Structure formats: C-alpha cells, structure tokens
Amino acid sequence: LEDSSAGEPGALLRRRYLAAAKTMRETGQLTCMIINDLDAGVGRFKDDKATVNNQIVQATLMNLCDEPTRVSVGAEWRS
C-alpha cells in the first residue's frame with residue numbers, strides 16, 4: 001500500500017525546474033530556483049530513517065546536476 005503522495009516531492013522539483021527552463025528559453029531572462037530549508041526536507045538527523053520521498057528528492061537533485069538538459073516527468077523525457 002503506497003501513499004498517494006509518494007514520489008510527488010521529486011516530481012514537483014522536476015516540474016518547477018522545467019518551468020524555470022521554459023521561462024528562460026522563451027524570454028531570454030536568467031532564472032534561478034531557490035529551495036528554502038532543504039536541510040529540513042532531505043537532511044539526515046540522528047535516529048532518522050530515510051523515506052522514499054527523501055531519497056527521490058536527493059536523487060532528482062543529483063540528476064539535475066549531472067544532466068541538466070535531460071529531465072523526466074513521468075515516462076516522458078524533456079530537454
């Protein structure tokens with residue numbers, strides 16, 4: 001039984017990243033994505049268990065750094 005919001009934080013991060021990229025592409029203006037209190041959402045604390053959403057967000061951030069022009073939203077890859 002999977003939570004209905006499983007994977008949503010990572011998907012939201014990818015959607016926001018794509019929206020910033022689209023704005024930059026269409027307007028030519030530089031964009032910036034600010035993540036407030038990242039440590040509260042994906043930080044590790046003593047006696048803390050990593051959740052799947054926590055792992056997905058961390059993996060999404062690493063993937064965006066490694067392949068900033070290749071982003072997956074669902075089964076669709078967008079550049």
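**View 1. Residues lining the largest pocket, by class.** The lining of the largest pocket divides into 9 nonpolar, 4 polar and 2 charged residues; here Ala, Val, Leu, Ile, Met, Phe, Trp, Tyr, Cys and Pro count as nonpolar, Asp, Glu, Lys and Arg as charged, and the others, Gly among them, as polar. The model is predicted: local features need pLDDT of at least 70 and side-chain atom pairs count only at pLDDT 80 or more, whereas totals for chains, interfaces and linings use all residues. Residues are numbered from 1 along each chain as its sequence is written, and side-chain values use heavy atoms, with hydrogens and water left out.

**View 2. Volume and centre of the largest pocket.** The volume of the largest pocket is about 310 Å³. Of the 15 lining residues, Pro9, Leu13, Ile35, Leu38 and Val57 are the closest to the pocket centre. A pocket is an open set of points, on a 1 Å grid over the protein atoms alone, where a 1.4 Å probe fits, with protein on both sides within 12 Å along at least five of seven lines; lining residues have an atom within 4 Å of a point. Grid points are joined across faces, edges and corners, and the volume is the space filled by probe spheres set on the points.

**View 3. Helices contributing to the pocket lining.** At least two lining residues come from each of α1, α2 (38-42) and α3 (52-66). The largest share, 4 residues, is supplied by α1. Helices are DSSP runs (H or I, at least four residues), numbered from the N terminus.

**View 4. The salt bridge between Glu8 and Arg15.** The side chains of Glu8 and Arg15 form a salt bridge with an N to O distance of 2.5 Å. A salt bridge requires a side-chain nitrogen of Lys or Arg within 4 Å of a carboxyl oxygen of Asp or Glu, and the count by this rule is 2. Glu8 is partly exposed at 35% relative accessibility, and Arg15 is partly exposed at 36% (buried is under 20% relative accessible area, exposed over 50%, partly exposed in between; 1.4 Å probe, protein chains only).

**View 5. The salt bridge between Glu26 and Lys22.** In this pair the closest N and O atoms are 4.0 Å apart. Because Glu26 and Lys22 lie 4 residues apart in helix α1 (residues 8-27), about one helical turn separates them. Glu26 is exposed, at 57% relative accessibility, whereas Lys22 is partly exposed, at 43%.

**View 6. The cysteines Cys32 and Cys65.** Cys32 is exposed, with a relative accessible area of 63%, and Cys65 is exposed at 65%. The count of disulfides, defined as pairs of cysteine sulfur atoms within 2.5 Å, is 0.
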